Amino acid sequence: MRPRRSRKLEARLEALLAQMTLAEKLGQLNQAHGGTPENKALVGQGRVGSLINLCPTDCPDPVAVYNSFQEAAVKGSRLGIPLIIGRDVIHGFRTMFPIPLGQAASFDPDLVCQAARVAATEAASWGINWTFAPMVDIARDPRWGRSAEGGGEDPVLASRMGAAMVRGFQGDDLGAPDSLAACAKHYVGYGAAEGGRDYNTTLIPEGYLRDVYLPPFRACVEAGAATLMSAFNDLNGVPASGNELTLRRILKKEWGFDGFVVSDWASIDEMISHGYCANRREAARAALRAGVDMEMVSPCYAEHLPDLVARGEVPLDWVDDAVRRILRIKFRLGLFDRPFIEPRPGVLLNPAHLATARRLAAACCVLLKNDGVLPLDCGVRKLAAIGPLADAPAEQMGCWTVDGLARDVVTPLAALREALAGRAEVTYAPGLPGARSTDTAGFAEAVAAARGADAVALFLGEDAGMSGEAHCRAFLDLPGAQAGLLEAVAAAGRPVVVVVMAGRALALPDVLAKSSAVLYAWHPGTMGGPALADLLLGAESPSGRLPVCLPRHVGQIPLYYAKRNTGRPARDEERGAPAGTPLDPKDFTSRYMDVEHTPLFPFGFGLTYSSFEYKELQLSSPAIGRDDALTASIRLTNTGRREAVEVVQLYVRDVAASLTRPVRELKDFQRVRLGPGESRRVEFVLRSSQLAFHGPDMKLRVEAGEFRLWIGPDAARGDSATFALTD
Ligand code: NOJ
C-alpha cells in the first residue's frame, strides 16, 4: 500500500529544510561507498547523506560500525540528519533464497513476500535501512545475465512478484526496526539490452514501454516502494539516468511517486560515455533536471551542483525537491527518532528463516519431464549423485549473494544423504570439477557410479558466476563438458534424473532427450539441497511454473509467449524443415528453416506428480460493458494419485484492435492445491480495465470488440471461449 502523506511528518520535514544550507542540502544527495574514515569525516560535515556497503560481510561487529556512522551523522553534523544505509539484499541476506527468477517460478506472491520479510529482518539486524531490490526489469532475452535477478518475461507476473517483495521488505510499517526501504530497479527498460549484452542500448517504443516495461514499476510504487533506481541504459537515445520523460513526467507526475530516485552506480557520470553529456557538470544538471534525487558513488552532484546552483543554472527548486524526497523517506523509516540499533543475536539463519527458504526453494522448481521415475520413493537402494553442481554450495546460491556464505548452504548431496540414511546409499562423483570445466578425467568415476546405482540424480547447469551483472552469454547450452558427461552417464543405462541449476533460461533439448526426468531448480539458495531432496523423494510434489519460455536454441531469441501474430503466423504443424528444403508456397510463414518456431517449453509450463483435468469453462456473460467485470471459471480436478498444486492461468487476446495486440496475455493466476480425486471450480474476475492498452496518444484505452480468453496450465494450452466488450 502506498503510504499516506502525514501532515506532521511534512511539517517536520519543511522545518528542517528551512534550516539547511545549500551544502547541507547537497550532502543529502550524495551517496558514498564504504565505511572509510574519510567517509565518516564527510558524514560529520553533513556532506554525505547515504552510504552503500558500509561493512564487509566478514565485519566482526556490524552493529557497532553502523551506530558509529549514525553517531557521526546524528551527533556530529550540524543538523543531526541520520544516514540512510543501503546494500544489495537481493534474494536474502544470510539466509539465501532462490534467485529472483526462480522465485517468480513459484507463482506464489505470498511466499515471495515472506522471503523478503526474512531478508529484511536479517539485514536490518546489521543496521541496513535500504535494499536495492526488487529488480523488476522485464527480460525476454536469456543471454542477458541479469535475467536471473528479475521476475521473468511477463509484466503481470513480474508486477505481482515485485509488489510482493516490496511488501515483504517494507513490512506493514516502514518505521519498524525490522523493515527496509525497497528500491524498484532498474528504471527503466534495462532488460531490453540489445543482443542480451549488459549495459547495451535499448530501443523501446513508448506504447510498448508503458504496456510491458513500466507496469512492474507501477505495481511497486502502488505497493509503497520508497525508492526507485535509475538504470544504466540508453533508452531511445536518452540515458535512463537523464530521462525526464520516464522519471519526472511518468514516475513523479503521472504516478504521483513521492519517494526518491537514486542513480545506479555512477550512471550519472556514465552519461558522458553515452555521448549524452560533454562533462560531469552537464551530467549533474541533466540528471537532476530529469529527476534523479541521489547520486550513487560518482561525484557529479557533489562537484558541480554548488556552482551550478550559485550561477542559477540549476534552480534551487530542483535541489529542494530532491532533498524533500530523501528526508521524507528517512522520516518514514523512523531514522530521526530511532537512529541507533541494538544487537539482535539469533536473527541470522534462524530456523524459521531456513524453513521459509526450504519451502520457497521447493516451490520454485519446475518439473519439465518425468517418465515416471520421479519421485524416487521406492525401490532405489543405491542412488548416484553426479555432476559438478551436486555438492557446490557457493554455486547453488547463485549470483548477487553479497552476504550469503557457502558454509551455511545445504547441498543436494548432503540433503539426500541425510534423507536416505538407513534406507539407501548415496554415492557421489562430480564428473567434472566445475560447471565450466572441460576436464573429462572424472567421467570414468561418474560412469562407474551410475552403473553401480539404481538411479542417477545428475546435477548440471551454470555456476553462480555465469549470470548476474555483466555476466551475459552468447550460448544457452550446458557449459564446459557437461553435455559429454550427460551422454556418458546416460549410456550407463540407469534412469537419469537431471536437476538443472541455472541463472537463466537455458536451451536444453538434448538434456530432455537423454534423461528420464528433468527438474529445473534455478539457483535455489541456502536450503536448495533439502528442498530438492523433498521433491526428488516425493515428500513434496513440484509446483513451480516457468516464468520465461525455454528456447530450443539461442537463435530463437528473443522468444516470449506474448508475441504479436504477424500477417503470416507459422502453423502449429510447421515443425521446422531441414535447411535447404524447398519451401511450399503455403510455408511462407514466420518461422525458421532449421529449428521450430515454438519454444521447447512455453511460459507457465510445469508438471506435478499428479495430473489435472480442466473442464466446463464458463463465462458469466457473453458480453460485458465498459464498467463491468467478467467472471470466468473452470472445473479443475486432480485426476492423479497424489496431492499437488496446479497453477491455473488466465490469458486473454484482444482479437482485433487499433494497434495489434499480443496473441495472449496473462491476466491472472491462482495456485490451487487439490488432493487426489478432488475437484474445485476455480474462478477469476476479469475487470474491463485489465483489457486496456496504451493507444497512440499514450493513454490507456479499452476497445470494444471480441476477446478470446483461455484458462489453462500454460501459455500454449487451455480451454478457450470468446466474449465481447460492448459500448
Ligand atoms: C550496480 C547494479 O546495477 C545495481 O543493481 C546495484 O544495486 C548497484 N550496483 C549497487 O551495488
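Visitor: How many salt bridges does the rule find across the interface of domain 1 and domain 2?

Guide: Please note at the outset that this is a predicted model. Across the interface of domain 1 and domain 2, the rule finds three salt bridges. The search also finds 18 residue pairs in polar contact across that interface.

Visitor: How much area do domain 1 and domain 2 bury between them?

Guide: The general idea is that the size of an interface is often given as the accessible area lost when the parts come together. Here, domain 1 and domain 2 bury about 2800 Å² between them, and 62% of this lies on carbon and sulfur atoms.

Visitor: How many salt bridges are found in the whole structure?

Guide: A search of the whole structure gives 49 salt bridges. One example joins the side chains of R146 and E469, with an N to O distance of 3.7 Å. Another joins E313 and R281, whose closest N and O atoms are 3.2 Å apart. This pair links distant parts of the chain, 32 residues apart: E313 is in the loop between α12 (300-310) and α13 (316-332), while R281 is in helix α11 (residues 280-290).

Visitor: Is E313 buried or exposed, or partly exposed?

Guide: With a relative accessible area of 34%, E313 is partly exposed. R281 also counts as partly exposed, because its relative accessibility is 23% and the buried class requires under 20%.

Visitor: By about how much of a helix are D321 and R325 separated?

Guide: D321 and R325 are four residues apart in helix α13, so about one helical turn separates them. Their side chains meet in a salt bridge, 3.3 Å from N to O. R325 counts as buried, at 8% relative accessibility. Elsewhere, salt bridges that share partners join R5, E10, D258, R328 and R332 into one network.

Visitor: Which residues have the most contacts inside the largest nonpolar core?

Guide: In soluble globular proteins, nonpolar side chains tend to be buried together. The largest nonpolar core in this model has 179 residues, and those with the most contacts inside it are Y187, L458, Y520 and W522. Helix α6 (residues 109-124) gives the most to this core, with 10 residues. Apart from this core lies another of 35 residues, among them C365, L376, A455 and L537.

Visitor: Where is the place of D88?

Guide: D88 is in the loop between β3 (84-87) and α5 (100-105). This residue is buried, with a relative accessible area of 10%. A polar contact of 3.5 Å joins its side chain to that of K185. Leaving out residues up to four places away in sequence, D88 touches T131, F132, K185, W400 and V402.

Conventions:
Residues numbered from 1 in each chain as written. Predicted model: local features only at pLDDT ≥ 70, side-chain atom pairs only at ≥ 80, totals over all residues. Heavy atoms only, no water. Helix = DSSP H or I, 4+ residues; strand = E, 2+ residues; numbered from the N terminus. Buried < 20%, exposed > 50% of the residue type's maximum accessible area, 1.4 Å probe, protein only. Polar contact = N/O pair within 3.5 Å; in protein donor to acceptor, adjacent residues only side chain to side chain. Contact = heavy atoms within 4.5 Å. Core = buried A, V, L, I, M, F, W, Y, C linked by side-chain atoms within 4.5 Å. Buried area = accessible area lost by both parts, 1.4 Å probe. Salt bridge = Lys/Arg side-chain N within 4 Å of Asp/Glu carboxyl O.
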